[in-house]
Amino acid sequence: MTTTHVTIIGAGLGGLTLARVLHVHGIPATVYEAESSPTARAQGGMLDIHDHNGLLALRAAGLEDEFHGLILEGREATRLVDRDGTVLFDKADDGTGGRPEVQRGELRQLLLDSLPPGTVRWGHKVSGARALGGGRHEVTFADGTSVVTELLVGADGAWSRVRPLLSAARPEYTGMSCVEVYLHDSDTRHPASAKVVGAGALFVLAPGKGFVTHRERGGNLHTYVMLARPQDWFADIDFTDSAAAVARIAREFEGWAPELTALITDADTAPVLRHFAALPAEHRWERVPGVTLIGDAAHVAAPNGEGANLAMLDGAELAKALAARPHDIETALTEHEHGMFPRSAETAEEGTELYALMFGADTPHGLISMFTGEERGD
């Protein structure tokens, strides 16, 4: 058994940002991650990093210049297309936006490379955590090993194994799921779909369903097929039979323009189903000595473009609070939580409103109004 000062569970963007900002301030930390290596799993698609949260975190981490080297130019372009292929809204990336796009995996690697060797311990899946008293906790791993820590931070996502130390809340299904697929080398192999997507993000929306597609590095098109259906509806689809699953999902979009449905039917990858779960927007807990949460572990919500940004800001703000009060951990944790709770609640409410604009009865008109309102600076 080993003892460490700051133990972080989860090597996602939030946990790694926390570890990096702690390192900048000379505070050692160890990150335990269930995955076996940095490349064990695909790290998701594009992220738009926002100047009011994610970029502030990268600045605190001393990585702003390196981050700018990851930005994919032109990807802030936004296009909204009707189901028949008619362009309803089209805004080019003129370089003035405040939400530059990067690949999640590349950003994660930047954070990993910024940490001292050995900071991340791979292949450590948490099986349980318990309080020992005096603010100390023991974390047990699936391989039978354990660690005792003076400060435990759960950065381990929606289904956190650390959260039960603080809260009995569990995420619940939001009613929306997505099926992820890719078209590779689209400009050459899928030119019609590449043309309709354009340079950045494409939205094709109808009540309760739609496509959100991002142009990633190398001309890859990453599509999230959104469907408001019960989980049981998806359970009747055999996702081990990719062709049958794709055909079943595509039937929900019969009559849509062929260059749009091709985003599903011509997929170069097997469809991946993801159910969206969320904690209550006002999720809180009473202060428990020696343990706290950041990111999705604390406030998972349906994807709305803010989750990664919030997780990184959580990590940076917690690290700064600990650096400012190295001999008063409890006050630092209180400050962190009191800042995080209202920030995450406000963002969750905004996300709910966004989903209503995207997939409610008035779609896509409400979303177009939002886009054009932003363009006018309203």
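The model is predicted, so local features need pLDDT of at least 70 and side-chain atom pairs count only at pLDDT 80 or more, while totals for chains, interfaces and linings use all residues. Residues are numbered from 1 along each chain as its sequence is written, and side-chain values use heavy atoms, with hydrogens and water left out.

**Nonpolar cores**

- The largest nonpolar core has 43 residues, and Ile8, Leu22, Phe67 and Leu107 touch the most other members.
- A nonpolar core here is a set of buried Ala, Val, Leu, Ile, Met, Phe, Trp, Tyr and Cys residues joined through side-chain atoms within 4.5 Å.
- Elements that each supply at least two residues of this core include β1 (2-9), α1 (13-24) and α12 (329-359); helices (H or I, at least four residues) and strands (E, at least two) are DSSP runs, numbered from the N terminus.
- Helix α11 gives the largest share of this core, 7 residues.
- Not counting residues up to four places away in sequence, Phe67 touches Ile49, Leu55, Leu58, Pro100, Val102, Leu107 and Leu110, where contact means heavy atoms within 4.5 Å.
- Another core, of 24 residues, lies apart from the largest one and has Val197, Leu202, Val204 and Val225 among its members.

- Leu260 belongs to helix α9 (residues 258-265) and counts as buried at 0% relative accessibility; buried means under 20% relative accessible area, exposed over 50%, and partly exposed in between (1.4 Å probe, protein chains only).
- Beyond four places in sequence, the residues that Leu260 touches include Val81, Leu202, Val204 and Phe211.
- Arg215 sits in strand β13 (residues 209-215) and is buried too, with a relative accessible area of 10%.
- The side chains of Arg215 and Asp187 make a polar contact (3.0 Å), meaning a pair of N or O atoms within 3.5 Å; within protein, one must be able to donate a hydrogen and the other to accept it, and residues adjacent in sequence count only if both atoms are side-chain atoms.

**Salt bridges**

- The whole structure holds 18 salt bridges, each a side-chain nitrogen of Lys or Arg within 4 Å of a carboxyl oxygen of Asp or Glu.
- Glu306 and Arg99 form one of them (3.8 Å, N to O), and this pair ties together parts that are 207 residues apart in sequence.
- Arg287 pairs with Glu330, their closest N and O atoms being 2.9 Å apart; Arg287 lies in the loop between β15 (272-278) and β16 (291-293), and Glu330 in helix α12.
- Through shared partners, salt bridges join Asp48, Arg99 and Glu306 into one network.
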